[in-house]
Amino acid sequence: MADRILGLLILVLTIFYGWTAGSYEASFGDPLGPAAFPQMLAVPAALLSLFLVLRPDPDPAWATGLPAIRQIATVGVLIAYAFLLEDLGFVVATALGASAMGRLLGAGWQKSVISGVAMAVGLFVVFDTLLGLPLPLYPRFMS
Amino acid sequence: MDILSSLAQGFAVAVTPTNLAFAVFGCFLGTIIGALPGIGPVNGVAILIPLAFALRLDPTTVLILMSCIYYGCTYGGRISSIMLNIPGDASSIMATLDGHPMAKAGKASEALAISAVASFIGSTVATIGLTLFAPMLASVAIYFGPSDYFALYVLAFAMIGGVGGASPWKMLLAGFLGLMLATVGLDPGTGLARYTLGSFNLYDGFDPIVAIVGLFAISEVLVYLETAHHATGTLVPMGRAVPKFREMLPGMGAAFRGSFIGFLSGILPGAGASQGAFMAYVAERRYSNKDDTFGKGDPRGLAAPEAGDNAAAGGALIPMLTLGIPGSGTTAVMLALLISLNIQPGPLLFERQPDMVWGLIASLYIANVVLLVMNIPLVGIFTRMLSMPQWILMPFIIMVSFLGVYSISHSTFDLMVMIGFGVVGYIFRKLDISLIPLVLGLLLGADMENNLRRALSISNGDFWILVQSPIAATIYAITAAVLGTAFILAFRTARRRRASALAELED
């Protein structure tokens, strides 16, 4: 089933991809132009995805219950971290992000927070101070 | 003799104090990365590339650092295979078969020493092969025109589809998806924006390094979260610190045999290090499993795949450096590194930047010696690293990935792209779709399109030019043969599987 869904998604994507390619025109440049290569890719890709729809492999065992919740929560933490990195500054955002991830990986609150804070400070010192990679230090509202 | 003088010149580049220091540092870091379960060479090298840029090092030094990390990883992978029965990376799966039983029988230090020596033999054979064959291939490849290169790219994808996995359809589909992703951004020929959906962030296309870090590092955490509860190994006690030499001797012949098999499989695109280790083990078992000792801690069963693994890793550098076509995941990452250093790999690399190429080759010889010396006495330190809890390690990998990607462009958008690729990577891995062709497509797509368009500019739009040169025609013939056998084999296994499923139903 998973194969069929993915195959269908890719099929829709390749049709959109090949169809959009037709609108790329240039009156100058090489004889082939910008549209031909994408069109050449779209046809076999569509056929292969169709194959996936028609002849799928057996479904893998997906995570259920707690592990699945943890996976979704981790992706949520990562997205939040990416958005907050510049607003909160590297140290605060990383301490929060790493603590949350430690917790999701099964460590206790205390351990997660200690390792998160240590990681945030340590990475900042190594990369910003020692290696000269500029990182946002302060939360944005403070600067 | 030409090669020897070039190599001497290379050693002059490699032994400058900075380069030597970074080589040793790279070996150390690489062994740790290889040893820790969860970060393989692909992840490790990909995460560190942006950071290496941040150090503003000389391109040659960056290349030396990364290659030493690459070689170090192939040494380190075996440590957790032997001690924990959990492979440190995909290519050291075979090392668990005889390595872990040896360690359980109280011969942990012998197992580690044998595999270190076998790794050294494998890597050295591959490095010598690289020294001899790479310039030869480069001098042939100079005669390649655009249509020949296009044919070569087609062959590379066919090989990956044919050799690499259980389902050639999925491999090929992944390759096409990668190529499609590569067309996103400004078209180099005309400056037209393609598939950017109106977003300026996509004008430069997807940065392969951002994609690779997401595909491998982020997806690894998602995979780990799922398997965490039933994959905890226990560390085998080390036992004697000094290995007994007599216990190690039988493994030496196996190491040499494994090296040659591994080297050959490393050169073929798509086969890569895991395949090299696998083939070396199978061949060695057939050759010397007379008393049925394999799988129960036979030193030969450990030495052969370890040597094969390392030799394949070295061999895979040959097509990457001379043709610009990587054969494995890690060499794909190395290619991404070269491209971001503004170095175009391929036959001209040997002519235009001999210092860099030969400096790299010389530093691989040095790395081998350093790694051998480092791995026998210091193996205790690396072993202790294995007991680092995952709740520290995983967040650390993620944070360093974010740091690395953030340092490329300082943009939140790239971080989101990385997370997106991570989720895609996880789904693909679950559905048995290899990520390697996806990465290769993304990396090679632009070059493949450019060569195609250049060839057709020469012929003024006549497609016959693609098959007119004898080189291209030969390559297409090989491609057809490879694809043909792959699909026939896949059909046969599918039919056999269906037949056996049917038989089970009838029972």
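Predicted model: local features only at pLDDT ≥ 70, side-chain atom pairs only at ≥ 80, totals over all residues.
## Domains of chain A

Chain A is divided into two domains: domain 1 covers residues 2-54, and domain 2 covers residues 65-142. The C-alpha centres of domain 1 and domain 2 of chain A lie 39 Å apart.

One helix pair across the two chains can be described in detail. Helix α2 of chain A (residues 36-54) packs with helix α7 of chain B (residues 168-182) at an angle of about 140 degrees, and their axes are 9 Å apart. The crossing of α2(A) and α7(B) is left-handed. From α2(A), the residues in this contact are Leu41(A), Pro44(A), Ala45(A), Leu48(A), Ser49(A), Phe51(A) and Leu52(A). They meet Trp169(B), Leu172(B), Leu173(B), Phe176(B), Leu177(B), Leu179(B) and Met180(B) in α7(B). By class, the contact of α2(A) with α7(B) has 13 nonpolar residues, one polar residue and no charged residues.

## The nonpolar core

The largest nonpolar core has 206 residues. Within this core, Val45(B), Ala46(B), Met66(B), Ile212(B), Val213(B) and Val439(B) touch the most other members. Helix α5 of chain B (residues 94-141) gives the most to the core, with 21 residues. Domain 1 (2-54) and domain 2 (65-142) of chain A both give residues to this core, so the core lies between these two domains.

When neighbours within four places in sequence are left aside, Met66(B) is in contact with Val45(B), Ala52(B), Met334(B) and Leu337(B).

## Helices α4 and α16 of chain B

Within chain B, helix α4 (residues 59-84) crosses helix α16 (residues 354-375) at roughly 35 degrees, and the two axes come within 9 Å. The crossing of α4(B) and α16(B) is right-handed. On the α4(B) side, the contact is formed by Pro59(B), Thr60(B), Leu63(B), Ile64(B), Ser67(B), Cys68(B), Tyr71(B), Gly72(B) and Tyr75(B). Among the residues that they meet in α16(B) are Asp355(B), Met356(B), Gly359(B), Leu360(B) and Ser363(B). By class, the contact of α4(B) with α16(B) has eleven nonpolar, seven polar and one charged residues.

Ile366(B) also lies in helix α16 of chain B. Ile366(B) counts as partly exposed, because it has 19 C-beta neighbours inside 10 Å, and a residue is buried if 20 or more other C-beta atoms lie within that distance. Leaving aside neighbours within four places in sequence, Ile366(B) is in contact with Ala14(B) and Ala23(B). Ile366(B) and Ile160(B) are 206 residues apart in sequence, and their C-alpha atoms are 31 Å apart in space.

## Two further helix residues of chain B

Phe22(B) is found in helix α2 of chain B (residues 17-35). Phe22(B) is buried, because 26 other C-beta atoms lie within 10 Å. Not counting residues up to four places away in sequence, Phe22(B) touches Thr61(B), Ile64(B) and Leu65(B). The C-alpha atoms of Phe22(B) and Met66(B) are separated by 9.2 Å, although these residues are 44 residues apart along the chain.

Gly106(B) is found in helix α5 of chain B. Gly106(B) is partly exposed, with 13 other C-beta atoms within 10 Å. Gly106(B) and Ser5(B) are 101 residues apart in sequence and 47 Å apart from C-alpha to C-alpha.

## Loop residues with positive phi

Most residues other than glycine have a negative phi. Tyr195(B), which is not a glycine, has a positive phi of about 55 degrees. Tyr195(B) is found in the loop between β2 (193-194) and α8 of chain B. Tyr195(B) is partly exposed, with 17 other C-beta atoms within 10 Å.

His410(B) likewise has a positive phi, near 55 degrees, in a residue other than glycine. His410(B) is found in the loop between α18 and α19 of chain B. With 13 other C-beta atoms within 10 Å, His410(B) is partly exposed.

Key
Residues numbered from 1 in each chain as written. Chains lettered and ligands numbered in written order. Axes fitted to C-alpha atoms, helices over the stretch in contact; angles between N-to-C directions. Helix = DSSP H or I, 4+ residues; strand = E, 2+ residues; numbered from the N terminus. Left-handed = near helix turned anticlockwise from the far one by under 90°. Contact = placed C-beta atoms within 7 Å. Nonpolar A, V, L, I, M, F, W, Y, C, P; charged D, E, K, R; others polar. Core = buried A, V, L, I, M, F, W, Y, C linked by C-beta atoms within 7 Å. Buried ≥ 20, exposed ≤ 12 C-beta atoms within 10 Å, placed from the backbone. Domains from an automatic or database assignment.
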